[in-house]
Amino acid sequence: MPTPRVLVADDQRDVLEALRLLLKGEGFEVETAASPAAILAALGMGDFDAALMDLNYTRDTTSGREGLDLLTQIQALDATLPVIVMTAWGSVDGAVEAMRRGARDYIEKPWDNARLLTQLKTQVELARALRLSARLAEQNRLLGRDGFPELIVESAAMQPVLRLMERVGPSDAAVLVTGEHGTGKELVAQWLHASSPRAPRSLVTVNVGGLSEGVFESELFGHVKGAFTDAKADRTGRFELADGGTLFLDEIANVPLGQQAKLLRVLQTGEVERVGSSRTRRVDVRVIAATNADLKAEVATGRFREDLLFRLNTVEIHLPPLRARREDILPIATQCLRRQAARYRKPLTGFDRPAMEALHAHGWPGNVRELEHAVERAVLLATGEMVHAGDLALEAPSGPAASLEEMTLEDVEKVLIEKALARFGGNVSQAAKQLGVSRSALYRRLKSHGL
Ligand SMILES: Nc1ncnc2c1ncn2[C@@H]1O[C@H](COP(=O)(O)OP(=O)(O)OP(=O)(O)O)[C@@H](O)[C@H]1O
Ligand SMILES: [Mg+2]
């Protein structure tokens, strides 16, 4: 994250100096202003992540009127700038009026350093999230890049990923997207397709891991009428449908060995034969594959063909789990909140501080998908203008907090699934086997639990 810039405004030199030292020590870049005119001048010049300002200035030292008028002017200059006002201890009325005029938070003097820092950091983070989503929407509008899915990547960990995506997106390279459940693999595939010259043609998605032996070939390669008993008419396979475009092969690790050989042949030759026909058709398809398994390990144990892996992973894009890129949590949550609030027509403006802290601290085993579910649920439950921590209902999933007797059947199921997935490194097939359900049944449950 770039260094946050803060404007600190007060007419008392010692206050300015104390705050400047405190904030510099915490890695903030600090500008100071000692009068309303200086504040407006500074805001006109620079780009700030937040302003911390006193309400009283020398012209009229007690009523706070000057500060309140100033707030209105700042709002007019930049409504996205978070302003935290400082008020004299006990003057809650002033703080309330300030919040009404657009201040995001207030702090009483004399202030508590730790508390002030938390408030400031929270506001900086939230404002960045809001500004980013506004910027993204604007970029999409300006570039007319409507085909681009909204991908939020603020964290340092995602910057190399984004650069790699930008480099390989426009090429025809086969890309293997890896990462845990819900990390955004499909979204990345959409983004890559949108950024390629193939964008005007189709992106065809096939969950190859979920196809049964019987339908695999006819689904991918098509069939002709009469090829088998149920083949009542000709059928175009997904490879042909994707001709000129991109084929997204999802859950690739779950394809059995026999079918891997068939897939490899088509990838090598670029030719498909519909089942029951000997006519070959050339297809021009770019392949993107995704998996949450470690394919190299699958190769080592003989469950995945090495030659197929080499065909698929010309470039590998690995998406880190959300817990390894916590700076993305709030921006994604904020974006999601805006979308869901509009959808459910709720007048929600954001998360309150404990809610933000809870979002930040949670482990997110289900990654972005779990985050989206949590925010959607919270939007439905929230009653006021802010989402509260309670609305998010983020219980620690693996903690010994709830004893079995106190858990619902749903919760027990979720815990067991999480444990099985963790045990097999996210491999759904193996987890399903251990849990005694079919792979597709486990997938359904994963979705319903938001995992
Ligand atoms: N960086 C991101 N910014 C915004 N939304 C995201 C981001 N990453 C993922 N999402 C959203 O999270 C959800 C899950 O993403 P996606 O379906 O791409 O994950 P996945 O890795 O394919 O999951 P699975 O392994 O379960 O198939 C989607 O709604 C997607 O739009
Ligand atoms: Mg997916």
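Reply: Starting with the ligand: an oxygen atom of ligand 1 is 3.0 Å from a polar backbone atom of L187. A polar contact is a pair of N or O atoms within 3.5 Å; within protein, one must be able to donate a hydrogen and the other to accept it, and residues adjacent in sequence count only if both atoms are side-chain atoms.

Me: How much of ligand 1 does the protein cover?
Reply: The protein covers 86% of the 630 Å² of accessible area that ligand 1 has on its own. Such areas come from the Shrake-Rupley method with a 1.4 Å probe, and for residues only the protein chains shown count as cover.

Me: Before more numbers, where does the model come from, and how are things labelled?
Reply: This is a predicted model, in which local features need pLDDT of at least 70 and side-chain atom pairs count only at pLDDT 80 or more, while totals for chains, interfaces and linings use all residues. Residues are numbered from 1 along each chain as its sequence is written, chains are lettered from A and ligands numbered from 1 in the order in which they are written, and side-chain values use heavy atoms, with hydrogens and water left out.

Me: OK. How many residues surround ligand 1?
Reply: 16 residues surround ligand 1, and the closest are I152, G182, K185, R369 and E372. A residue is near a molecule or strand if one of its heavy atoms lies within 4 Å of it.

Me: What does the backbone of I152 do there?
Reply: A backbone N or O atom of I152 lies 2.8 Å from a nitrogen atom of ligand 1. For E186, a backbone N or O atom lies 3.1 Å from an oxygen atom of ligand 1.

Me: New topic. How many aromatic pairs are there in the whole structure?
Reply: A search of the whole structure finds 2 aromatic pairs. F148 and W191 form one that is edge-to-face, with 5.3 Å centre to centre and 90 degrees between the planes. Rings of Phe, Tyr and Trp (its six-membered ring) pair if their centres lie within 6.5 Å; planes under 30 degrees apart count as stacked, over 60 as edge-to-face and the rest as tilted.

Me: Where do F148 and W191 sit in the chain?
Reply: F148 is in the loop between helix 5 (113–143) and helix 6 (159–168), and W191 is in helix 7 (residues 185–194), so the pair links parts of the chain 43 residues apart. Helices (H or I, at least four residues) and strands (E, at least two) are DSSP runs, numbered from the N terminus.

Me: Are F148 and W191 buried or exposed?
Reply: Both F148 and W191 are buried. Buried means under 20% relative accessible area, exposed over 50%, and partly exposed in between (1.4 Å probe, protein chains only).

Me: And what do F221 and F239 form?
Reply: F221 and F239 form an aromatic pair that is tilted, at 5.8 Å centre to centre with 35 degrees between the planes. F221 is in helix 8 (residues 213–221) and F239 in helix 9 (residues 238–241), 18 residues apart.

Me: Why does F239 count as buried?
Reply: F239 is buried because its relative accessible area is 2%. F221 is buried too, with a relative accessible area of 4%.

Me: Which residues have the most contacts inside the largest nonpolar core?
Reply: Those are V208, L220, F239, L249 and I252, in a core of 31 residues. A nonpolar core is a set of buried Ala, Val, Leu, Ile, Met, Phe, Trp, Tyr and Cys residues joined through side-chain atoms within 4.5 Å.

Me: Which elements give two or more residues to this core?
Reply: They are strand 7 (203–207), helix 8, strand 10 (246–250), helix 10 (257–269), strand 13 (286–291), helix 11 (295–300) and helix 12 (306–312). The largest share, 4 residues, comes from helix 10. In soluble globular proteins, nonpolar side chains tend to be buried together.

Me: Something else. What is D54 in contact with?
Reply: The side chain of D54 makes a polar contact with the side chain of K109 at 2.7 Å. D54 is in strand 3 (residues 50–54) and counts as buried at 5% relative accessibility.

Me: What joins K109 and P110?
Reply: A cis peptide bond joins K109 and P110, with omega about -5 degrees. P110 is in the loop between strand 5 (105–109) and helix 5.

Me: Last one: what about phi of W364?
Reply: W364 has a positive phi of about 50 degrees although it is not a glycine. W364 lies in the loop between helix 14 (353–361) and helix 15 (367–381) and is buried at 0% relative accessibility.
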